[in-house]
Amino acid sequence: MNFDDPIDRRGTNSTKWDMMEPLYGVPADTGLSMWVADTDFQAPAPVLNKLREMTDHGVFGYTNLDATYKGAIQWWMQTRHNWTIEQDAIFTTTGLVNGVGLCLDTFTQPGDGVVLFTPVYHAFAKVIRASGREVVECQLTNTDGRYEMDFDAYDAMMTGSEKMVILCSPHNPGGRVWTREELQGVADFAKRHDLILLSDEIHHDLVYPGNTHFPMPNVDPSIIDRLLMLTAPSKTFNIAGLHTGQVIIPDPKLRARFAARMAALSVAPNSVGQAATAAAYSPEGAEWVDAQLAYLDANRQVFDAAIAKIPGLSSMKLESTYLAWVDFTDTGMERAEFTDRVEQTAQVAANHGTTFGTGGENFLRFNLGTQRARIEEACERLTAAFGDLQ
């Protein structure tokens, strides 16, 4: 695939493009959408071919794809991440946010505290609060533009009411790929405070050269009895709209509890999402991912170089993801002013940092998963919008 091929998603019921004006006031016809975390690339050929095969057949009755689907997941995790999993450990949810909700429902009670390392993916806090649990924010330390964890500070914050900790690995929005030592620190933190550890690893396929992602089960096998893993093909292959994610539970006792809750709620996968996942997790899919990652790597370099030339702006160096995290602190501007310049002057829609929790107040998140020409256009607009700082 040529990732430079222009694809216009306006008028296709795209949340990313068609909700840009209602939510951000960025004109639909001239604005650039850089907020929702999906890309503007077509899914890879094996996925499209499988979906065409299904529509050509034309029958969408009840289907049993478990063996093919779960076998593809096993192959992918073993081949790409050196992570061995059992088929019985794999549960399918309606996307990963649904997976988070089901894990909260199964393993915590209303009023329980759930620890987040903030700023972090905004849907976590939203689901925690909607389920009647309490968000416990452990703020990451920004050390020279790189997030780090301070477990001494986090230990002091714990009250005993906390029952779960959610880790975003790799991290969204900061783009950190946590080191083995940092992940061991998270595992030890969970054990010290008797917390279920929910590790969201949805961005694990999008890691840039020079960095290594470690699946949590490979870091510390002793964490297995309290570990829940979240994965999905959605970010990797741009199939988020199929709402198919996995909760992978290595421990049989935790697995039995989750299976019982899934059965009680009658949660079951859809055949289209399963088929697309199986097609994506293939040698052909792997080649496509490698090509996409090289393209995204060039996008981040173009974007970061432009941001670095604008006085007062700095972009965290991405080690993973296609989500740039830009700090406006040194402009000296209030949040309303720099946001207005981005949205109204540059006409670029980006996620507001406040939605990611404590520590995100002076940031905006920009989605770089789009054609290079749009990245270059966004850079020109942002440079002009802050031209008086030059």
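Guide: Helix α13 (residues 283-308) and helix α15 (residues 372-385) pack with their axes 10 Å apart and at an angle of about 10°, which makes α13 roughly parallel to α15. Axes here are lines fitted to C-alpha atoms, for helices over the stretch in contact, and angles run from 0 to 180 degrees between N-to-C directions; angles under 35 degrees count as roughly parallel, over 145 as roughly antiparallel, 65 to 115 as roughly perpendicular and the rest as oblique. Helices (H or I, at least four residues) and strands (E, at least two) are DSSP runs, numbered from the N terminus.

Visitor: And what kind of model is this?

Guide: This is a predicted model, in which local features need pLDDT of at least 70 and side-chain atom pairs count only at pLDDT 80 or more, while totals for chains, interfaces and linings use all residues. Residues are numbered from 1 along each chain as its sequence is written, and side-chain values use heavy atoms, with hydrogens and water left out.

Visitor: OK, which residues of α13 and α15 meet?

Guide: From α13 they are Tyr-295, Ala-298, Asn-299, Val-302, Phe-303, Ala-306 and Ile-307, and they meet Arg-372, Ile-375, Glu-376, Cys-379 and Leu-382 of α15, where contact means heavy atoms within 4.5 Å. By class this contact has 9 nonpolar, 1 polar and 2 charged residues; Ala, Val, Leu, Ile, Met, Phe, Trp, Tyr, Cys and Pro count as nonpolar, Asp, Glu, Lys and Arg as charged, and the others, Gly among them, as polar.

Visitor: What about α5 and α11, at what angle do they cross?

Guide: The axes of α5 (residues 96-107) and α11 (residues 252-265) come within 10 Å and cross at roughly 110°, and α5 and α11 are therefore roughly perpendicular to each other. On the α5 side the contact is made by Leu-102, Cys-103, Asp-105, Thr-106 and Phe-107, and on the α11 side by Leu-254, Arg-257, Phe-258, Arg-261, Met-262 and Leu-265. These residues divide into 7 nonpolar, 1 polar and 3 charged.

Visitor: Switching to sheets: what is the order of the 7 strands?

Guide: The 7 strands form an open sheet in the order β2-β10-β9-β8-β7-β3-β4, and the pairing is mixed; two strands pair if DSSP finds at least two bridges between them. β2 (90-93) and β4 (134-139) stand at the edges with a single partner strand each, so one side of each is left without a neighbour in the sheet. On average, neighbouring strands of this sheet are turned by 25° against each other, direction ignored.

Visitor: How many bridges join β9 to β10, and what packs on that sheet?

Guide: Strand β9 (residues 227-231) and strand β10 (residues 245-248) run antiparallel and are joined by 3 bridges, with Met-229 opposite Ile-248 in β10. Helix α5 packs on the sheet, touching β2, β3 (113-118), β7, β8 (196-200), β9 and β10, and its direction makes about 165° with that of β9. Helix α8 also packs on the sheet, touching β3, β7 and β8, and its direction makes about 170° with that of β7.

Visitor: Which strands are at the edges of the 5-stranded sheet?

Guide: That open sheet has the order β1-β13-β14-β12-β11 with mixed pairing, and its edge strands are β1 (32-34) and β11 (314-315), each of which pairs on one side only. β11 pairs with β12 (residues 323-327) in the antiparallel sense over 2 bridges, and Ser-315 has Val-326 as its bridge partner in β12.

Visitor: Where are the cis peptide bonds?

Guide: One runs from Ser-169 to Pro-170, with omega near -5°, and another runs from Asn-172 to Pro-173, with omega near 25°. Pro-170 is placed in the loop between β7 (162-168) and α8 (180-192), and Pro-173 lies in the loop between β7 and α8 as well.

Visitor: Last topic, what is the volume of the largest pocket, and what lines it?

Guide: Its volume is about 1200 Å³, and of the 49 residues that line this pocket, the closest to its centre are Val-36, Ala-37, Asp-38, Lys-235 and Ala-240. A pocket is found on a 1 Å grid over the protein atoms alone, as an open set of points where a 1.4 Å probe fits, with protein on both sides within 12 Å along at least five of seven lines, and lining residues have an atom within 4 Å of a point. Grid points are joined across faces, edges and corners, and a volume is the space filled by probe spheres set on the points. By class, the lining has 22 nonpolar, 19 polar and 8 charged residues.
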